[in-house]
Amino acid sequence: MNAVIQFWTEHTPIFSILIPAFTAFILVLLGNPGAGALSEDWRQPWRRGISYISSILGLTTAILYLNLASNGQISIYSLGEWSAPFGIVLVLDQLSALMLVLTYALAAPILWYASHEWDTRGRYFHVMFHFLLMGLCGAFLTGDLFNLFVFFEILLMASYVLLVHGQGKARFQLGIHYVTINLLASALFLIGLGMIYGSVGSLNMADVARLIPLLEPDQHKLAVAGGLLLFVVFGIKAAMLPVGFWLPKTYAVATTPVAAIFTIMTKVGIYAILRINGTVFDDDLSHSILASWLLPIGLITSIYGVIGAIGAERLRRFVGFMILSSIGTILIAISLFNTLAWAAALYYLVHSTLIGAAFYLLSGWITSQRGVFKDHFNIAPQMKQHKVVSLVFFLIALMMAGLPPFSGFLGKVFILQATSHSPYQLVIIIVVLMVSLLSIIAFTRIGFVLFWRATVPEDNPNKEEFKAYQALPEQSPARNDKTIYLLLSGLLIYMVCAGPIQQYMFNTAEQMQNNVLYEGIILHKDNLNQVISVQPYDPENLPETKYGGETVDPNAHLIPYIISEKTLQGEHISEYKQRQINQQQTQEPVHPDDAKLKPREP
Amino acid sequence: MISLEFLLASAIGLLTATGIYLILRARTFPVVLGLAMIGYAVNLFLFAMGRIQVNAPAVLTETTKATDPLPQALVLTAIVIGFATTAFIIQLALRSRYETGTDHVDSKEDIVPIDPREDEP
């Protein structure tokens, strides 16, 4: 038991990445027959079982990590024991722990919902789902810019496959759009990284944050330009406005569980904006540029979202536009750049993720109840479960539009409270309230079309419509309603516990803004109190090599700071080898004269 | 006059311009080609971010100069990822062509009302 606990604490944050990764590999090895044969396949219960176990393990791990991080401790994991900034590090702080819990709190119910029927509609659903989780967890945990890119690619690759899950014309067509946009975004990501590396000489987040204020003005501008390019990329992922038009269409064609899990994908973009543009580029120039751009972007995105929602023709598009609007609200809060506003942004972020997912699930339910009318906003016969569906819709509408007492309202209140020092306070308050009003109007409109004006079902047994209506399901698709209830009750708990949660968010925002703390923990210092870090690359300045002759390494005294004590003592040397070394040392006492070359005997 | 820097910079610029032009085309195949072009441009750009050195290997040997090996490692990763995504989007485009019967990116086939050859003298 002791050994298990030691193993656990030694390898702390990496388990969140390893659990979904190993699950996905095991699921790949289980094989996968064609989509048609999946429901009869004997391995399908095994796949589902492995998925459940893994997601529960992941959720437990995430909660334990949240518990670990909540006292303000930052855990570092140096991959391959290469210390930062030379190697890649994983960093578990309050923000990453929060995002991990959010990911799994969303993923576990959706996985359970999808495991009834949706996962038989295409191949490798569970595999891709777990690769997506792996990419998400990695992106939240990593402390290295290039590693962030790699994890982004992993989660995007999984999302490409998940988007076309279930196949069909529309999915492939929108799939091409989605992949093209994201490939272009990846290209921009790489260019941004190149500019940062070329000017700073490091890609470790803490090290970049430390080096940026020390750069020469020309190099500094180049680095800031790189950072702003990354901002554009994260904006594409988060679907902020000038680059976010892809979202409502794309999410509308995805299958219900996929659309629901995709609501966390936009939040990865928000997380990255907070982490990279908010804290890593922590200098006046980039902050002033970002603040002046982020606020109008946020305002326009939130207004555009609701206007699009008012004009939407289908329920899934409508949800997409509402998500766009909530992204705008979060961006407004981030643009204020103070601790209170960031705490509010985080509070609203969790709310908007869960409510968006619940709404996508509800639109799946409504679609199944309406038969041929699907989710189009046309007048249709009354749904068989119209009472419960309309009640759930009403609850979701209240939560999403931000009416009291629900968490959407609390989130917006926190944001408005944080505007007190902003010169644009009035504009922000007017826009946020206006967005709430417009979303109430939009919800009223679709509530009217879907529920209020529903016609009386055909009762003449000879008509086609009668048969069609009778063929509609009496109940919601299996597990669909329960998953919605689960997410909504989670949101109610989130609302009731708003006090302590808000306190946690505040601590998180405070910790995020404390760059000195990060540097102190992630980077090491030598005995002159200088940070051990990379130097700008100089082709003439060659380190000692085995070809370069015997010169004393001037940095040898740094070794104890970079390599852990255990390694220095020879922990990695096997017992057999250890014994050999000891034997040699005891057998052959060192003669100082032996080292000298002796004259050759004639 | 024509230095290595000039060559590399103009190559990156040309590749990007070609790529953007191709991405804005209406058929999937030029779009995929455009993505590949932009991928090459990005790889060259990343490579150049380690500063251009002539006659300097990335591996430390007895030479007196060496290039920064890190951007080369980054480029390698980017190439692999770009290769995989290009393969994926080609497959996706083929499948889309199969499903919709057209290789237009929006699956909207505008039938040209006039045969352009009619206007030929």
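This note goes through the two chains, the contact between them, and a few local features of the predicted model.

1. Basis of the reading. Because this is a predicted model, local features are reported only at pLDDT of at least 70 and side-chain atom pairs only at pLDDT 80 or more, while totals for chains, interfaces and linings use all residues. Residues are numbered from 1 along each chain as its sequence is written, and chains are lettered from A, with ligands numbered from 1, in the order in which they are written.

2. Overall form of chain A. Chain A holds 24 helices and two strands, where helices (H or I, at least four residues) and strands (E, at least two) are DSSP runs numbered from the N terminus. Its radius of gyration is 28 Å, close to the 25 Å that the globule rule gives for 602 residues, so chain A is as compact as a globular protein of that length; the radius is taken over C-alpha atoms, and the rule is 2.2 Å times the number of residues to the power 0.38. Along its principal axes, the C-alpha trace of chain A spans about 120 × 65 × 40 Å.

3. Burial and contacts in chain A. Of the 602 residues of chain A, 49% count as buried, a term used when 20 or more other C-beta atoms lie within 10 Å of a residue's own, with exposed meaning 12 or fewer, partly exposed anything in between, and C-beta atoms placed from the backbone. Among the contacts in chain A with a separation of 6 or more, 78% involve residues 24 or more positions apart, a contact being two residues whose C-beta atoms, placed from the backbone, lie within 7 Å.

4. Chain B. Chain B has three helices and zero strands, and from the N terminus on its elements run α-α-α. Buried residues make up 27% of its 121 residues, and 51% of the contacts in chain B between residues at least 6 apart in sequence join residues at least 24 apart.

5. Where the chains meet. The contact takes 26 residues from chain A and 35 residues from chain B. On the side of chain A that touches chain B, helix H6 (145-163) and helix H7 (169-200) each supply at least two residues, and H7(A) gives the most, with 15 residues. The residues on that side of chain A divide into 16 nonpolar, seven polar and three charged, with Ala, Val, Leu, Ile, Met, Phe, Trp, Tyr, Cys and Pro counted as nonpolar, Asp, Glu, Lys and Arg as charged, and the others, Gly among them, as polar.

6. A helix pair in chain A. The axes of helix H2 (residues 15-29) and helix H3 (residues 44-69) of chain A come within 9 Å and cross at roughly 175°, the axes being lines fitted to C-alpha atoms over the stretch in contact and the angles running from 0 to 180 degrees between N-to-C directions. H2(A) and H3(A) are therefore roughly antiparallel to each other, since angles over 145 degrees count as roughly antiparallel, under 35 as roughly parallel, 65 to 115 as roughly perpendicular and the rest as oblique. Residues making the contact include Ile19(A) and Ile26(A) of H2(A) and Leu57(A) and Tyr65(A) of H3(A), and the residues of this contact divide into nine nonpolar, five polar and one charged.

7. Helix H5 (residues 125-141) of chain A has 17 residues and reaches 24 Å from its first C-alpha to its last, close to the 24 Å expected at 1.5 Å a residue, the expected span being 1.5 Å times one less than the number of residues. As 17 of the 17 residues of H5(A) are buried, this helix is largely enclosed by the rest of the structure. Tyr124(A), in the loop between helix H4 (94-114) and H5 of chain A, has a phi near 60°, a positive value in a residue other than glycine, and counts as buried with 20 C-beta neighbours inside 10 Å.

8. Other backbone points to check. Most residues other than glycine have a negative phi, and most peptide bonds are trans. Phe337(A), in the loop between helix H13 (315-335) and helix H14 (339-370) of chain A, has a positive phi near 55°. A cis peptide bond, with omega about 5°, joins Pro404(A) and Pro405(A).

9. Met512(A) lies in helix H20 (residues 498-512) of chain A and counts as buried, with 21 C-beta neighbours inside 10 Å. Leaving aside neighbours within four places in sequence, Met512(A) is in contact with Leu95(A), Leu274(A), Thr279(A) and Trp342(A).
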